[in-house]
Amino acid sequence: MSFQTDIALRGEQPFVKRLEYAAEDANVAMAASNTRGSRIDPEYKLDAQIGNNHDFLTRRGPGRAWPLPPPAKCYGFPDEVSAYFRNADFVSELELELERQFGNRLFYLGPLRTYPKRQYTWQGSRPSDVGPTGEHAVDALLASRLRRKSNTRKLNRLGRAIRLITMEEHVAEWLCDLALISAFKVERISQDADIYRVRVARAQDSTEVLLTDVGFGVSQILPVLVLLAYVESGSTILLEQPEIHLHPSVQAGLADIIVEAATVRKVQVIVESHSEHLLRRLQRRVSEQALSADDVALYFCKNSGVSSEIAPLELNMFGEIANWPLEFFGDPFGETAAIVEAGLRQRGSTTL
């Protein structure tokens with residue numbers, strides 16, 4: 001199921017011009033009429049279609065054809081839809097599913113994650129997610145033990161084989177894939193205390209240390225990986241600048257992990273990012289046919305001076321972007337040419 005709403009201004013007040021629910025070959029929508037009512041107080045028309053049938057929902061029941069009031073809460077059909085039209089009871093189920101999705105299956109992680117700790121206290125809590133700053137990441141890892149939660153994992157980036165592993169193993173393998181560490185575990189300090197430590201090893205032959213004693217990027221990427229592995233299939237994750245504190249190769253590797261979460265775990269991931277390396281890896285996976293261009297939606301926020309506009313980027317099956325924003329990532333070719341030109345000048349002056 002997909003949902004779309006179009007908001008416009010009525011004076012200084014926003015109003016819904018159109019809302020639409022769609023699933024496969026069926027859709028139902030409400031739109032402000034251009035011919036009835038007024039711009040200040042528009043009337044609404046109902047439009048529905050299943051396959052080629054346009055009359056499934058729009059046949060009114062007996063009684064006077066009163067106009068429809070505005071949508072409720074910008075996403076809901078007013079009660080009059082069910083009262084005026086036959087076979088319209090199901091529209092409430094569409095709204096309920098949208099509320100479930102945004103109320104129980106939408107999870108957000110901000111750009112500034114909490115600092116790592118030398119020890120964590122856990123008394124059996126089961127968080128719904130890792131929290132907006134990743135403060136519950138270790139709690140979520142430990143809670144996965146109680147849930148006996150198993151995750152699916154591809155054996156390789158382009159392969160089709162899948163195996164079941166625990167959530168902790170999944171996060172540990174992702175960290176190893178990113179070449180950040182070689183070992184990861186959460187251990188209880190004592191059987192008599194609810195205190196835990198996160199220990200990692202930088203390389204296979206290195207000594208295990210606490211999370212606080214390795215590079216800051218490990219603790220910053222950990223909540224991202226835990227969230228991607230923790231939420232249920234069908235969830236939506238909002239990640240704001242997940243690449244912060246990560247060097248370029250890890251940023252590119254993070255794109256692969258996001259692709260895995262989306263394609264294997266069936267999680268929708270919405271990323272706000274400035275990372276060219278993350279974007280380039282997504283383009284590469286599309287060109288390699290490890291990811292379909294139809295499963296990727298790219299948008300660019302364009303500032304027009306007085307306002308901002310969200311413009312879609314056209315990604316084709318070869319991983320190419322047809323309408324690349326001008327100088328969005330600077331001018332890498334121009335920078336390289338300038339370096340070569342300056343080097344030639346220096347060599348020439350040295351020779352003379």
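Colleague: What distance goes with the polar contact that joins the side chains of aspartate 129 and serine 128?

Modeller: Bear in mind that this is a predicted model, where local features need pLDDT of at least 70 and side-chain atom pairs count only at pLDDT 80 or more, while totals for chains, interfaces and linings use all residues. Residues are numbered from 1 along each chain as its sequence is written, and side-chain values use heavy atoms, with hydrogens and water left out. A polar contact is a pair of N or O atoms within 3.5 Å; within protein, one must be able to donate a hydrogen and the other to accept it, and residues adjacent in sequence count only if both atoms are side-chain atoms. For aspartate 129 and serine 128 the distance is 3.5 Å.

Colleague: Which backbone nitrogen does the side chain of aspartate 129 reach?

Modeller: Aspartate 129 lies in the loop between E6 and H3; helices (H or I, at least four residues) and strands (E, at least two) are DSSP runs, numbered from the N terminus. At 3.3 Å, its side chain reaches the backbone nitrogen of glycine 131.

Colleague: Is aspartate 129 buried or exposed?

Modeller: Buried means under 20% relative accessible area, exposed over 50%, and partly exposed in between (1.4 Å probe, protein chains only). Aspartate 129 has a relative accessible area of 15%, so the label is buried.

Colleague: Which residues does arginine 126 touch, not counting residues up to four places away in sequence?

Modeller: Arginine 126 is another residue of the loop between E6 and H3, and it counts as exposed at 54% relative accessibility. Contact means heavy atoms within 4.5 Å. Under that rule arginine 126 touches Ala143, Leu146, Arg147 and Tyr230.

Colleague: How many bridges join strand E1 to strand E2?

Modeller: Two strands pair if DSSP finds at least two bridges between them. E1 (residues 2-10) and E2 (residues 13-23) run antiparallel, and the bridge partner of isoleucine 7 in E2 is valine 16. The number of bridges joining E1 to E2 is 9.

Colleague: What phi does glycine 11 have in the turn of the E1 and E2 hairpin?

Modeller: The hairpin leaves 2 residues between E1 and E2. Glycine 11 is in that turn, with a positive phi of about 70 degrees.

Colleague: How many aromatic pairs does a search of the whole structure find?

Modeller: Rings of Phe, Tyr and Trp (its six-membered ring) pair if their centres lie within 6.5 Å; planes under 30 degrees apart count as stacked, over 60 as edge-to-face and the rest as tilted. With that rule, the search of the whole structure gives an aromatic pair count of 4.

Colleague: What angle lies between the planes of tyrosine 115 and phenylalanine 216?

Modeller: Those two rings form a tilted pair, 5.1 Å centre to centre, and between the planes there are 40 degrees.

Colleague: How many residues apart in sequence are the parts that this pair ties together?

Modeller: Tyrosine 115 lies in the loop between strand E5 (106-109) and strand E6 (120-121), and phenylalanine 216 in helix H5 (residues 216-230). Tyrosine 115 counts as exposed at 62% relative accessibility, whereas phenylalanine 216 counts as partly exposed at 29%. The pair therefore ties together parts whose separation in sequence, in residues, is 101.

Colleague: And how is the pair of tryptophan 122 and tyrosine 196 classed?

Modeller: Both tryptophan 122 and tyrosine 196 are buried. Their ring centres are 6.0 Å apart with 70 degrees between the planes, and the class is edge-to-face.
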